Amino acid sequence: MPATMSLTVRTARDELERINAAVDRLAEQDDWPPDLVFRVRLVLEEWNLNVMDHGHDDDTHEIDIAMSCDDDAVTIEIIDGGKPFDPLHDTPAPDLTSAVGERRVGGLGVHFMRELMDEVRYKRESGKNHLKLVTRKVR
Amino acid sequence: MEISTETDGGTVVATPTGRLDGSNAREFQDALDAVVQDTERALILDFEQVSYISSAGLRVLLVTAKALQGNGAELALCSLDDPIREVFGISGFDSIIPIHASRADALASVKG
């Protein structure tokens, strides 16, 4: 029986706590190593705060999050009805090289997703953003 | 997130505890702003007790590094967990903030 989790949160930043608690429960149930917990938390925070801050005008909308685990990998699916946002095409290249004085942080969240996940897929369907992320349990 | 500080000459060692994420980035920034005011020469952030950092936490470190540079002081980090070290590598933050294995190494580097 594969471990699964699904959760609907509002587009409010304080929902991050519920998202993290859900990750912790699944991690415990499926016995994840600490580095896996870290990267799943990270991509969920980066994407969901992005959706909350930029995809919606207020905190009354919903984001659906589902996760499932098999022996080798964790699959994460996130759906929201906000503004279209394709992380593979709509984000500026992150600034990884400027000196301190000129350095900017924009675009790092999506960069983390692309670097830390084995698969990042996006589609816009029925007026919603569908993001699918897959990470192997052991890298 | 909590933060404790020790001062040794012009060097301040600050030890945050917990997660540095989007839920407490403002609190972390306020705490570091106060520390920056008291830093004459160097600020060492000891990450021994930090279990997680996201781009929201990195943003705070960048603002802090810029403020310290403006004051002619330096910033160094030490004792990062492997996943945190990886985030610093992927983000390129390891090219703007010196990272040391231990507090002793960090102290030696800012005094050298």
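Modeller: Gladly! Let us start with pairing: two strands pair if DSSP finds at least two bridges between them. Keep in mind that this is a predicted model. In chain B, Asp8(B) stands opposite Thr11(B) in β2(B).

Biologist: How do you know that strand β1 of chain B and β2(B) pair?

Modeller: Strand β1 (residues 2-8) of chain B and β2(B) share seven bridges, in the antiparallel sense. Pairing needs at least two bridges, so the two strands count as paired. Their hairpin has two residues between the strands, and Gly9(B) there takes a positive phi near 65 degrees.

Biologist: Which strands pair with β2(B) in the parallel sense?

Modeller: Strand β3 (residues 42-46) of chain B does, over four bridges, and Leu43(B) in β3(B) is the bridge partner of Val12(B). The chain gets from β2(B) to β3(B) through helix α1 (residues 25-37) of chain B, in a right-handed β-α-β crossover. Strand β4 (residues 50-53) of chain B also pairs with β2(B) in the parallel sense, over three bridges. There, Arg19(B) stands opposite Tyr52(B).

Biologist: Why is β2(B) called largely enclosed by the rest of the structure?

Modeller: A residue counts as buried when its relative accessible area is under 20%. In strand β2 (residues 11-20) of chain B, seven of the ten residues are buried, so the strand is largely enclosed by the rest of the structure.

Biologist: Now to chain A. What makes α1(A) roughly antiparallel to α2(A)?

Modeller: Helix α1 (residues 16-30) and helix α2 (residues 34-55) of chain A pack at an angle of about 155 degrees, with their axes 10 Å apart. Angles over 145 degrees count as roughly antiparallel, so that is the name for α1(A) and α2(A). The crossing of α1(A) past α2(A) is right-handed.

Biologist: Which residues meet where these two helices pack?

Modeller: From α1(A) they include Leu16(A), Ile19(A), Val23(A) and Ala27(A), and from α2(A) they include Val37(A), Val40(A), Leu44(A) and Met52(A).

Biologist: And what makes helix α3 of chain A "mostly covered"?

Modeller: Helix α3 (residues 108-116) of chain A has nine residues, and seven of them are buried. Among the buried ones are Leu108(A), His111(A), Phe112(A) and Leu116(A). The cover comes from both chains: it includes α2, β4 (119-125) and β5 (128-136) of chain A, together with α2 (55-70) and α3 (82-91) of chain B.

Terms used. Residues are numbered from 1 along each chain as its sequence is written. Chains are lettered from A and ligands numbered from 1 in the order in which they are written. This is a predicted model: local features need pLDDT of at least 70, side-chain atom pairs count only at pLDDT 80 or more; totals for chains, interfaces and linings use all residues. Side-chain values use heavy atoms; hydrogens and water are left out. Buried means under 20% relative accessible area, exposed over 50%, partly exposed in between (1.4 Å probe, protein chains only). A crossover is right-handed if, with the strands pointing away from the viewer, the path from the first strand over the helix to the second runs clockwise. Axes are lines fitted to C-alpha atoms, for helices over the stretch in contact, and angles run from 0 to 180 degrees between N-to-C directions. Angles under 35 degrees count as roughly parallel, over 145 as roughly antiparallel, 65 to 115 as roughly perpendicular and the rest as oblique. A crossing is left-handed if the near helix is turned anticlockwise from the far one by less than a right angle, and right-handed if clockwise. Contact means heavy atoms within 4.5 Å.
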